[in-house]
Amino acid sequence: MKKTESRIQQEMFQWFWNSHCLPSNPNREWIFHVPNENQHRLISIGVYPGCSDLVLSWKGSTYFVEVKTEIGKQSPKQKKFESHVKQCGNEYILVRSLLELQSFLLSLG
């Protein structure tokens, strides 16, 4: 059975939160989901159309994380957001599994 984007994101959040965000962790990091559904109603209060699904900190840097299924593709708004993030000198990654996120973080040291 193929995992949904929501389920993949849940796995990533739970793993990262339990491994890196708990108050007992001396190198505490943070992660949060950006709810950008119903964008038309929320744009006036700061929702950025196409914003990444997750934002997390890792060793002093911030990463914008877009979650997709094995065959999922970015929307034009998501591609525009990615471009803006990179133009501002920030990191944006697209991942399709918890293992991909873990591998990315491991590659950073």
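Which strands and which helix do the buried residues of α1 pack against? They pack against the strands β1 (31-33), β2 (54-58), β3 (61-67) and β4 (91-95), and against the helix α4 (98-107). The model is predicted.

**Overall fold**

- The secondary structure amounts to four helices and four strands.
- Along the sequence, these elements follow the pattern α-β-α-β-β-α-β-α.
- Among contacts between residues at least 6 apart in sequence, 54% join residues at least 24 apart.

**Size and packing**

- The C-alpha trace spans about 40 × 35 × 25 Å along its principal axes.
- Of the 109 residues, 40% count as buried.

**Surface and charge**

- The protein has an accessible surface of about 7000 Å².
- Carbon and sulfur atoms account for 56% of that surface.
- There are 13 positive and 10 negative side chains.
- The centres of these two sets of charges lie 3 Å apart.

**Helix α1**

- Helix α1 covers residues 5-21, a run of 17 residues.
- From its first C-alpha to its last, α1 reaches 22 Å, close to the 24 Å expected at 1.5 Å a residue.
- The buried residues of α1 are Ile8, Gln9, Glu11, Met12, Phe16, His20 and Cys21.
- An α-helix has 3.6 residues a turn, so residues three or four places apart point the same way.
- Among the buried residues of α1 are Ile8, Met12, Phe16 and His20.
- The partners of this buried set include the strand β3 (61-67) and the helix α4 (98-107).

- Asn25 sits in the loop between α1 and β1.
- Is Asn25 buried or exposed? Asn25 is buried, because its relative accessible area is 19% and the cut-off for buried is under 20%.
- Leaving aside neighbours within four places in sequence, Asn25 is in contact with Ser19 and His20.
- His20 is itself one of the buried residues of α1.

**Lys59, between two strands**

- Lys59 lies in the loop between β2 and β3.
- What is the phi of Lys59? The angle is positive, about 50°, although Lys59 is not a glycine.
- Lys59 counts as exposed, because its relative accessibility is 54% and exposed means over 50%.

Technical notes
Residues numbered from 1 in each chain as written. Predicted model: local features only at pLDDT ≥ 70, side-chain atom pairs only at ≥ 80, totals over all residues. Heavy atoms only, no water. Expected span 1.5 Å × (residues − 1). Buried < 20%, exposed > 50% of the residue type's maximum accessible area, 1.4 Å probe, protein only. Contact = heavy atoms within 4.5 Å. Areas by Shrake-Rupley, 256 points an atom, 1.4 Å probe, with all protein chains shown as cover. Lys, Arg positive; Asp, Glu negative; His and termini not counted. Charge placed at Lys NZ, Arg CZ, Asp CG, Glu CD.
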